[in-house]
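The entries follow the order of my look-ups.

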Amino acid sequence: MTEEVNFSKIAFANDFMFCSVLEDAELCREFLERVLDIEIAELRYSEKQKTIKNRMRSKGIRLDVYARDVKGNVYDIEMQTSTASDLGLRSRYYHSEMDSYQLREGIKYSELKKSFVIFVCLSDLFQMGRSVYTFRQTCQEQKDLVLDDRQYTLFLNASGAKDGLPEGLVKLLEYIQTGNATDGFTEKLADRVEVLRYDDDWRENYMTLEMKMDEKRQEGRLEGLQEGLLKGRAETLVSQICKKLAKGNTAEEIAEILEEEPDEIKKICEAADKYAPEYDKNAILRELGVL
């Protein structure tokens, strides 16, 4: 990255911060209760950057925050800081993959629980001024007839009108939009944001993600270590991998963290292992044929 990151300015609405905060199951539970206006007895777990992949297909999905409650209901929460026109289609795909994931765990069709896909947006996708848009499938000939498929898709618009909304949801939306905590729950979110801002591991992971996004914008996706990869890009990737190896991460874990092709990461890890524990970067790059 060419610019130094001011971590004190990273807000809850930042995608990576949002996911990290809601990885806390209790905070995620309270967040969902306010958004959905329901009571959730307990979340079994809340997981950030959850990868769900159907074994019958190569393409999978990476969910920002994936949670499941004690009743088996599942929740996907996605932070959207930019306008995207394909969110409706993405919600369709997310629901299908989440259902497939449950079915692979041995659940019958009749046992499928409620499935929620929630997009948290900073702008109004539908340009109708609302703060909450909830979608379910309805009969076109009988509008009040709702298909009982147990799927719910919600779009939150932090900048929308707050009239008629529960006070707790209003406070949450205002916090997402402004970063100003005005009640007990949003203060807990703000406290967690403050802790993460100064956590060394979180900072390193954030920098890794920012580096990848910057590289994608400037160089495109990695297509091979020895083709289309500038020397500087190779040096940065090797440096990141060596840090992860020194901490005891496996090649599979590193590929997941860096969101790179497992075969490419494995190739670099095998070269790096020859120079452990010092991990001479130049020697590794020569081993890979970059230098």
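I took helices as DSSP runs of H or I with at least four residues, numbered from the N terminus. I fitted axes as lines to C-alpha atoms over the stretch in contact, with angles from 0 to 180 degrees between N-to-C directions. The model is predicted, so local features need pLDDT of at least 70 and side-chain atom pairs count only at pLDDT 80 or more, while totals for chains, interfaces and linings use all residues. Residues are numbered from 1 along each chain as its sequence is written, and side-chain values use heavy atoms, without hydrogens and water.

Entry on α2 and α4. I found that α2 (residues 25-36) packs against α4 (residues 167-178) at about 115°, the axes being 8 Å apart. That makes the two helices roughly perpendicular (65 to 115 degrees). I noted a left-handed crossing of α2 and α4 (the near helix turned anticlockwise from the far one by less than a right angle; clockwise is right-handed). In contact (heavy atoms within 4.5 Å) are F31, R34 and V35 of α2 with G168, L169, K171, L172 and I176 of α4. By class, this α2 and α4 contact holds 5 nonpolar, 1 polar and 2 charged residues. Nonpolar covers Ala, Val, Leu, Ile, Met, Phe, Trp, Tyr, Cys and Pro; charged covers Asp, Glu, Lys and Arg; the others, Gly among them, are polar.

Entry on α1 and α5. I recorded an angle of about 110° between α1 (residues 15-22) and α5 (residues 184-197), with axes 10 Å apart. α1 and α5 are therefore roughly perpendicular. The crossing of α1 past α5 is right-handed. M17, S20 and V21 of α1 meet L189, R192, V193, L196 and R197 of α5. I sorted the residues of the α1 and α5 contact into 5 nonpolar, 1 polar and 2 charged.

Methods. Angles under 35 degrees count as roughly parallel, over 145 as roughly antiparallel, 65 to 115 as roughly perpendicular and the rest as oblique.
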